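Subject: Structure handover

Hi,

Here is the structure I promised you. Please open it next to this email and follow along.

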Amino acid sequence: MSGDRGPRVCVAGALEALRADPALALVLVGQPGVIEPELGALDDSLRSRVSIRPASEVVAMDEKPREAIRRKKDSSMRVALNLVAAGEARACVSAGNTGALMATAHFVLGMVEGIERPAIVAAIPAEGGHTYMLDLGANSAATPEQLFQFAIMGAVVAADLGARSRPRVGLLNIGSEDIKGHELVQAAHRMLQSSRLDYVGFVEGNDTFTGAVDVVVTDGFTGNVALKTMEGLAQMIAGALRSEFSANPLRRLSALGAAAALGGLRKRLDPRRYNGASMVGLAGVVIKSHGSADATAFAHAVRVAGLEARNGVPAHIGHELKSQAA
């Protein structure tokens with residue numbers, strides 16, 4: 001019911017994911033009078049895999065997380081998370097208020113035993129595929145122990161979502177040398193060196209894109225700044241290319257000649273292919289779709305939720321944390 005584009009896009013994206021996955025079933029949570037018309041004329045095989053769960057309230061995009069928990073107990077967000085807590089759904093996907101989603105999920109679902117803080121992890125385009133990065137904004141600061149736990153959670157997500165069976169983990173720093181960085185990253189570095197993870201050491205920002213690592217670990221303040229910088233740079237480059245190729249008739253003609261290459265680049269870097277950030281550390285699967293996502297992007301977020309649910313990511317995180325402590 002929320003997000004920048006509302007139920008029209010969210011329902012369309014959910015149905016796109018439903019058509020692509022014969023084993024998927026959906027519970028659409030919100031106001032039935034708004035959702036039902038968006039379903040359109042579905043055939044019986046699809047309609048049998050969709051149900052609607054009423055929720056009378058909506059968490060606004062600018063609503064404070066605590067107020068959402070206290071005052072919106074019948075919000076679509078809260079009802080969806082209640083379904084996961086009750087075992088009636090195996091994952092929750094929302095394009096709504098990020099802070100409210102994280103706070104409500106923490107309140108309703110609780111944490112994986114032993115995990116101190118949840119984190120937000122998402123895939124970033126990189127050479128040969130993508131790199132998983134966390135935390136992207138759940139925690140403005142992090143202790144060495146929390147960074148260590150972020151590394152475990154990132155490695156589990158990377159393995160379960162298909163990056164590789166033993167993901168390579170790097171700790172974001174201002175240099176790759178062992179002497180670089182403040183006391184917190186130095187302490188986390190030592191912990192990771194003695195872990196059973198495939199820890200490659202300190203990495204710099206550019207290593208996110210080289211394919212040298214599968215997981216980049218940092219605190220939420222740095223991660224969120226890095227993510228927004230990447231998004232801004234991508235938009236600037238896309239705008240610059242459009243401007244240059246439309247500057248005059250000769251440039252427009254050259255754009256036709258480069259159409260195949262530009263199309264391939266656009267597809268490769270299409271942010272919709274990377275939509276769906278995981279709120280890991282919670283005792284349930286919760287996926288945050290970008291608020292401005294279109295239907296294709298939202299469908300990808302639903303697919304990520306399905307993968308995490310089927311792989312049992314929360315349970316896998318708990319097992320891996322105990323394994324590292326043993």
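At what angle do helix H1 and helix H2 pack, and how far apart are their axes? Keep in mind that this is a predicted model. Helix H1 covers residues 6-20 and helix H2 covers residues 32-39. They pack at an angle of about 50 degrees, and their axes are 9 Å apart. H1 and H2 are therefore oblique to each other. Their crossing is right-handed. On the H1 side, the residues in the contact are Pro 7, Arg 8, Val 11 and Leu 15. They meet Val 34, Ile 35, Glu 38 and Leu 39 in H2. By class, this contact of H1 with H2 has six nonpolar residues, two charged ones and no polar ones.

Now the whole chain. It has 14 helices and ten strands. Its radius of gyration is 21 Å, close to the 20 Å that the globule rule gives for 326 residues, so the chain is as compact as a globular protein of that length. Along the principal axes, the C-alpha atoms fill a box of roughly 60 × 60 × 35 Å.

Next, the sheet. In what order do its strands come? Eight strands form an open sheet, and the order is E3-E10-E9-E4-E5-E8-E6-E7. The pairing is mixed. Strand E3 (91-94) and strand E7 (198-203) stand at the edges. Each has a single partner strand, so one side of each is left without a neighbour in the sheet. From one strand to the next, the twist averages 25 degrees.

Look at one pair inside that order. Strand E4 (residues 119-126) and strand E9 (residues 277-280) run antiparallel, joined by three bridges. Find Ile 120: its bridge partner in E9 is Met 279.

Helices pack on the sheet too. Helix H8 (residues 183-193) touches strand E6 (168-172) and E7. The direction of H8 makes about 160 degrees with that of E7. Helix H13 (residues 295-311) lies across E3, E9 and strand E10 (285-288). H13 runs at about 160 degrees to E10.

H8 also has a helix partner. Which residues of H7 meet H8? They are Pro 144, Glu 145, Leu 147, Phe 148 and Ala 151. Facing them in H8 are Leu 184, Ala 187, Ala 188, Met 191 and Leu 192. The contact of H7 with H8 has nine nonpolar residues, one charged residue and no polar ones. The axes of H7 and H8 come within 8 Å and cross at roughly 50 degrees. H7 and H8 are therefore oblique to each other. The crossing is right-handed.

One last stop is a peptide bond. Most peptide bonds are trans. The bond from Leu 134 to Asp 135 is cis, with omega near 5 degrees. Where does Asp 135 sit? Asp 135 is found in the loop between strand E5 (129-134) and helix H7 (144-160).

Best wishes

Notes: Residues numbered from 1 in each chain as written. Predicted model: local features only at pLDDT ≥ 70, side-chain atom pairs only at ≥ 80, totals over all residues. Heavy atoms only, no water. Axes fitted to C-alpha atoms, helices over the stretch in contact; angles between N-to-C directions. Helix = DSSP H or I, 4+ residues; strand = E, 2+ residues; numbered from the N terminus. Parallel < 35°, antiparallel > 145°, perpendicular 65-115°, else oblique. Left-handed = near helix turned anticlockwise from the far one by under 90°. Contact = heavy atoms within 4.5 Å. Nonpolar A, V, L, I, M, F, W, Y, C, P; charged D, E, K, R; others polar. Pairing = 2+ DSSP bridges. Rg over C-alpha atoms; globule rule 2.2 N^0.38 Å.
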